[in-house]
Amino acid sequence: MMNGVLAEYSTLMTRAQYVKQPISPLIARQCLRMDGVLRKGYLKGTPLYPECCRPGTTVAGSCGHQSHRRFPQVYTEARKQLLVAKPDVVRAVDKLGEQVVTCLLDNFWMRLKDSGSHAASNPLGISLWDLLLACELADPTAHDETFDIPDKTLHAVHLICDRFGIVDKQACTDQIEMARGLCHGPHKVITGDQQELSKSNLLAFFCRVYGENYGADNGANTEHGMAQWKELPIYAQFVKAVFSIMISSAVVEALFNKYIFTKNLFRSSMLDRTAASILSTQELEDLIGNVKKPFVAFFELRSVALTDKLNWT
Ligand SMILES: [Zn+2]
């Protein structure tokens with residue numbers, strides 16, 4: 001039972017630390033994914049017990065329950081064997097699973113959504129989660145054209161703009177929306193290939209739609225990329241900024257510390273290191289290149305960054 005819970009958590013942590021290509025726009029979704037998988041596997045529906053439905057029957061509703069819990073495979077087998085001989089043990093382990101997962105998710109979201117105690121440096125109360133949602137906007141396929149950016153996410157976008165010298169914030173949010181319109185809705189121009197590329201490697205996707213050498217002063221880019229994307233130069237800057245945010249290790253640090261120091265020993269110092277201060281690091285520069293440089297800088301990366309493919313679900 002615990003293996004299943006920890007496996008999901010460790011999948012998220014492993015993904016958050018992925019360094020072969022920029023993944024900061026993907027982490028918000030990965031957090032939601034873990035939340036969904038754990039809820040579905042350990043909290044949703046009623047566990048099936050011998051007195052609930054006839055042994056061997058799993059037809060939902062025959063006992064009046066709305067739905068039966070679909071435990072993860074790793075626990076299902078052991079549980080099935082024990083269910084007849086020791087239903088009380090099974091009941092207790094099911095309960096424990098609920099408690100562990102409830103506690104883990106509560107803590108997880110509390111950490112991510114905590115805006116810290118530094119009102120002076122973080123007057124808008126931006127949390128790591130707000131920042132992750134802002135980063136997600138650097139994936140133009142993440143939301144459809146009807147999506148409204150929540151206020152706090154918008155504040156986090158502005159924080160990124162401030163940090164990375166994007167002066168026209170309104171243009172930045174406008175172009176975030178326009179970029180989304182290139183991927184969804186009546187004016188979409190994204191091709192199936194590009195869509196696929198965006199799922200496996202956002203960096204490679206942007207290099208394709210903006211073209212190689214995009215942003216270079218010498219006009220080397222004129223023959224490459226698509227005009228519709230190149231009309232969104234501030235969006236390109238925003239994407240480069242997001243790609244260079246050291247968000248993933250911040251997530252790992254924030255969450256791991258919570259579990260290592262269960263007595264909140266490091267809590268206050270961690271809280272002060274939330275969203276605002278994370279943006280003051282630019283340690284990824286050696287991986288990504290300087291965000292003020294054109295996309296060409298990305299080619300200075302280990303060459304794997306452009307050919308790497310993700311298959312995360
Ligand atoms: Zn039932």
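Tutor: Helices are DSSP runs of H or I with at least four residues, strands are runs of E with at least two, and both are numbered from the N terminus. Residues are numbered from 1 along each chain as its sequence is written. What you see is a predicted model, where local features need pLDDT of at least 70, side-chain atom pairs count only at pLDDT 80 or more, and totals for chains, interfaces and linings use all residues.

Student: Okay, which helix does Leu154 lie in?

Tutor: The protein comes to 16 helices and 0 strands. Leu154 lies in helix 6.

Student: And does Leu154 count as buried, exposed or partly exposed?

Tutor: Buried takes 20 or more other C-beta atoms within 10 Å of a residue's own, exposed takes 12 or fewer, and partly exposed is in between, with C-beta atoms placed from the backbone. Leu154 has 19 C-beta neighbours inside 10 Å, so the label is partly exposed.

Student: Leaving aside neighbours within four places in sequence, which residues is Leu154 in contact with?

Tutor: A contact means two C-beta atoms, placed from the backbone, within 7 Å. Thr173 is 19 residues from Leu154 along the chain, with their C-alpha atoms separated by 7.9 Å. Leaving those neighbours aside, the contacts of Leu154 are Ile149 and Thr173.
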